[in-house]
Amino acid sequence: MEEFLTIGQVSKRSGVASSALRFYEEKGLITSLRAGSGHRNYPRHVLRRIAFIVFAQKVGLSLDEIAEEVAKLPVDHTPSGQDWSKLSKTWTTRIEEKIMELERLKRGLSQCIGCGCLSLFHCKLANPGDRLGRFGPGPSRWMGKKR
């Protein structure tokens with residue numbers, strides 16, 4: 001197996017567009033070596049880092065948050081199970097929060113919006129007298145604001 005991959009090979013293997021790879025590199029999320037011609041050559045282990053970045057984006061982390069996380073990973077070799085384990089501790093809470101948020105959204109779609117009245121101010125069932133308004137703007141129940 002080749003130790004280094006071209007940007008085209010990394011793009012094809014990771015499913016991430018070359019432009020996104022260049023952007024990730026600009027943001028310091030991944031690194032490449034430059035050939036004399038200026039072409040990017042990526043170490044094979046960058047594929048794991050890219051998979052992590054893609055997953056982190058799907059979970060809802062911002063690029064700044066992802067940069068903080070990948071900064072904890074070794075840059076010169078494939079991260080070990082122990083390296084990944086360190087990162088996963090912060091992820092469990094984040095994923096659980098996301099699950100709860102999606103559950104609230106699911107309930108809201110079938111209960112609140114599903115009733116058909118479309119009025120949170122006048123709704124006698126979900127929000128009589130707009131009592132949720134004192135908790136600030138936005139969908140308080142969906143966002144998990146304490147009542």
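What percentage of the 147 residues in the protein chain is buried? Buried residues make up 27% of the chain, where buried means under 20% relative accessible area with a 1.4 Å probe, protein chains only. The model is predicted: local features need pLDDT of at least 70 and side-chain atom pairs count only at pLDDT 80 or more, whereas totals for chains, interfaces and linings use all residues. Residues are numbered from 1 along each chain as its sequence is written, and side-chain values use heavy atoms, with hydrogens and water left out.

**Figure 1. Overview of the protein chain.** The chain contains six helices and three strands, arranged along the sequence as β-α-α-β-β-α-α-α-α. Helices (H or I, at least four residues) and strands (E, at least two) are DSSP runs numbered from the N terminus. Of the contacts between residues at least 6 apart in sequence, 49% join residues at least 24 apart; a contact means heavy atoms within 4.5 Å. The accessible surface comes to about 10,000 Å², and carbon and sulfur atoms account for 56% of this surface. Such areas come from the Shrake-Rupley method with a 1.4 Å probe.

**Figure 2. Pairing of the strands.** Strand 3 (residues 40-43) pairs with strand 1 (residues 4-6) in the antiparallel sense over three bridges. Two strands pair if DSSP finds at least two bridges between them. Within strand 3, Pro43 stands opposite Phe4. Strand 2 (residues 33-34) also pairs with strand 3 in the antiparallel sense, over two bridges, and Leu33 has Asn41 of strand 3 as its bridge partner. Five residues lie between the strands in the hairpin of strand 2 and strand 3, where Gly38 takes a positive phi near 95 degrees.

**Figure 3. Crossing of helix 3 and helix 4.** Two packed helices are described by the angle and the distance between their axes. The axes of helix 3 (residues 46-59) and helix 4 (residues 63-70) come within 10 Å and cross at roughly 140 degrees. Axes are lines fitted to C-alpha atoms over the stretch in contact, with angles from 0 to 180 degrees between N-to-C directions. Arg49, Phe52, Ile53, Ala56 and Gln57 in helix 3 meet Leu63, Ile66, Glu69 and Val70 in helix 4.

**Figure 4. Surroundings of Asp83.** Asp83 lies in helix 5 (residues 81-110). Asp83 is buried, with a relative accessible area of 17%. Leaving aside residues up to four places away in sequence, Asp83 touches Leu73 and Pro74.

Technical notes:
Buried < 20%, exposed > 50% of the residue type's maximum accessible area, 1.4 Å probe, protein only.
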